[in-house]
Amino acid sequence: MLFFPAASVVLAGLASSVSAYFVVTAPKLHDQWANGDTRMVSWSKGALDGISSFDIEMSQLSTDGLTLVAKNVPSADSSEKSINILLQDVPPGDDYFLLFINSTHGVMHATSPRFSILAAGTASNMTATTNPKAATVTVSGAPNPTRAFATTFAIAANAASRLTLRGSETWGVASAMVGCILGAAWTLL
Ligand SMILES: *[C@@H]1O[C@H](CO)[C@@H](O)[C@H](O)[C@H]1NC(C)=O
Ligand SMILES: *[C@@H]1O[C@H](CO)[C@@H](O)[C@H](O)[C@H]1NC(C)=O
């Protein structure tokens with residue numbers, strides 16, 4: 001199957017071209033994450049890049065599926081630089097990615113390496129366990145971009161007045177973007 005490696009190269013290239021330094025440190029490439037397990041998602045980024053918060057989405061490449069995970073995740077002022085995610089009833093697959101994005105206008109900051117989701121009762125081999133100081137978000141069911149974000153974080157006081165929540169627009173941009181990525185991947189084949 002040539003499709004997946006080609007697409008992941010496109011994802012990686014896209015991520016590195018958008019942001020000077022914003023790296024997803026967990027999950028790692030080919031990590032296996034079982035339903036029913038809570039694991040830490042972590043990142044490392046430049047302190048002065050002006051990105052104080054972002055949204056996290058999860059994409060399954062083969063289905064063009066998109067799950068809205070967490071909105072307004074604080075970054076710059078957070079010493080934790082991680083959130084925990086509990087997976088429930090997410091369809092198993094070896095082609096999942098996390099997208100770190102501003103879903104309002106579709107700017108991608110970073111993508112995680114490709115990882116696998118396993119059926120409940122299987123052993124996860126992710127080395128990153130959980131961060132007890134970080135928030136935990138439950139992600140359940142098949143990807144569905146029309147469903148609202150599983151969790152929306154309270155945004156920093158100084159940004160509150162600028163908040164506009166436009167759900168349908170938000171997922172529209174996001175899914176259009178995944179479409180672009182897939183389109184780009186296809187043209188490489
Ligand atoms: C988990 O298992 C997959 C498949 O065997 C492997 O590619 C990956 O490196 C493993 N990850 C860890 C952290 O051991
Ligand atoms: C996305 O960008 C807009 C406009 O620059 C900004 O107002 C918003 O706070 C950003 N979203 C997040 C989650 O930071």
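Tutor: The following account begins with the shell around ligand 2 and then turns to ligand 1 and the chain as a whole. The model is a predicted one, and every value below is computed from it.

The shell around ligand 2 consists of S53, F54, D55, N72, N102 and H105. Sorted by class, these residues comprise one nonpolar, four polar and one charged. F54 is the nonpolar member and D55 the charged one, while S53, N72, N102 and H105 make up the polar group. With regard to secondary structure, the greatest contribution to this shell comes from strand 4, which spans residues 53–60 and supplies three residues. S53, F54 and D55 fall within that span.

Polar side-chain atoms approach the oxygen atoms of ligand 2 from several of these residues. In the case of N102, an N or O atom of the side chain is placed 2.2 Å from an oxygen atom of ligand 2. For S53, the separation between a polar side-chain atom and a ligand 2 oxygen atom is 2.5 Å. H105 likewise directs attention to its side chain, where a polar atom is found 2.9 Å from an oxygen atom of ligand 2. On its own, ligand 2 has 360 Å² of accessible area, and the protein covers 63% of it.

The side chain of N125 has a polar atom 2.4 Å from an oxygen atom of ligand 1. Of the 360 Å² that ligand 1 exposes when taken alone, 47% is buried by the protein.

Both sites belong to the wider architecture of the chain. The chain contains two helices and 11 strands. The chain has 189 residues, of which 47% are buried. Among contacts in the chain with a separation of 6 or more, 75% join residues 24 or more positions apart. Finally, the chain exposes about 8800 Å², and carbon and sulfur atoms supply 59% of that area.

Technical notes
Residues numbered from 1 in each chain as written. Chains lettered and ligands numbered in written order. Predicted model: local features only at pLDDT ≥ 70, side-chain atom pairs only at ≥ 80, totals over all residues. Heavy atoms only, no water. Near = heavy atom within 4 Å. Polar contact = N/O pair within 3.5 Å; in protein donor to acceptor, adjacent residues only side chain to side chain. Areas by Shrake-Rupley, 256 points an atom, 1.4 Å probe, with all protein chains shown as cover. Helix = DSSP H or I, 4+ residues; strand = E, 2+ residues; numbered from the N terminus. Buried < 20%, exposed > 50% of the residue type's maximum accessible area, 1.4 Å probe, protein only. Contact = heavy atoms within 4.5 Å.
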